Amino acid sequence: FSTTQIAVSGAYHKSLGVNNRHYLSLGLQGGLTQRNVNYEPLNFHDEFDGVTGYVLPTGELLPPNNFSYIDLNTGLNYTARFGRYGAFFGGLGLHHISQPVVSFFENEEKGDKLYRKYSAQLSANIPLTENNRVALTPRLLWAAQGPHMEINTGSNIRFALGEYGASALHLGGWARFVRNNTDTGVDAFVAMAGFELNGVLLGLSYDLN
């Protein structure tokens, strides 16, 4: 079984003021997905002749082994800067807009559509010291698709290192809440540690669940 995906993404960013401290961004993505099943290595019980092996033809009713579908996604993001170092980010996403059928049997009545996925994120950079040597970076990520929902929320604390603060240490804690067909509750608590260098953060996290 194989899945091949090709997608093209683009975004437009619009400043909402002359001081460039507020931005609105709109992103679009269009993609083509192909799914394929190779029936050649599969054996069924009616192919076995009892002596030499699986050499007889099968009576299994197999669907066409290859199909493709178009997938469309979009997102909107707002960015605001406050003070010298503060920032706020908020975004919404909508995935699988056309809810394509993803079954080889093309049976829409049995729920073979790909559910639309809705997502939202909020984040901020809140300086705790005047020179931004210590900052709080809270995050909230929400996603829902069909009967499933997930919320990741928590915060990191950023400690600037060096004279100019080009590098930093990050320590944080998160919690993940989930909902599925049968249950709703806390799925995990997450601890995170990372090192930032010139705006690139490398980190490790551990989920306790």
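Reader: Are Arg-158 and Glu-196 buried or exposed?

Author: Arg-158 is buried, and Glu-196 is buried too. Buried means under 20% relative accessible area, exposed means over 50%, and partly exposed lies in between (1.4 Å probe, protein chains only). A word on the source: this is a predicted model, where local features need pLDDT of at least 70, side-chain atom pairs count only at pLDDT 80 or more, and totals for chains, interfaces and linings use all residues. Residues are numbered from 1 along each chain as its sequence is written, and side-chain values use heavy atoms, with hydrogens and water left out.

Reader: How many salt bridges does the structure hold?

Author: Here is the general idea to start with. Side chains of opposite charge can pair when their charged atoms come close. A salt bridge is a side-chain nitrogen of Lys or Arg within 4 Å of a carboxyl oxygen of Asp or Glu. This structure holds four. One of them joins Arg-158 to Glu-196, with the closest N and O atoms 2.8 Å apart. That pair links distant parts of the chain, Arg-158 in strand 7 and Glu-196 in strand 9 (residues 184-197), 38 residues apart. Strands (E, at least two residues) are DSSP runs, numbered from the N terminus.

Reader: Which residue forms a salt bridge with Asp-187?

Author: Asp-187 pairs with Arg-176, and their closest N and O atoms are 2.9 Å apart. Asp-187 sits in strand 9 and Arg-176 in strand 8, eleven residues apart. Salt bridges with shared partners join Glu-150, Arg-176, Asp-187 and Asp-207 into one network. Within that group, Arg-176 is buried at 13% relative accessible area, while Asp-187 is partly exposed at 30%.

How values were computed: Helix = DSSP H or I, 4+ residues; strand = E, 2+ residues; numbered from the N terminus.
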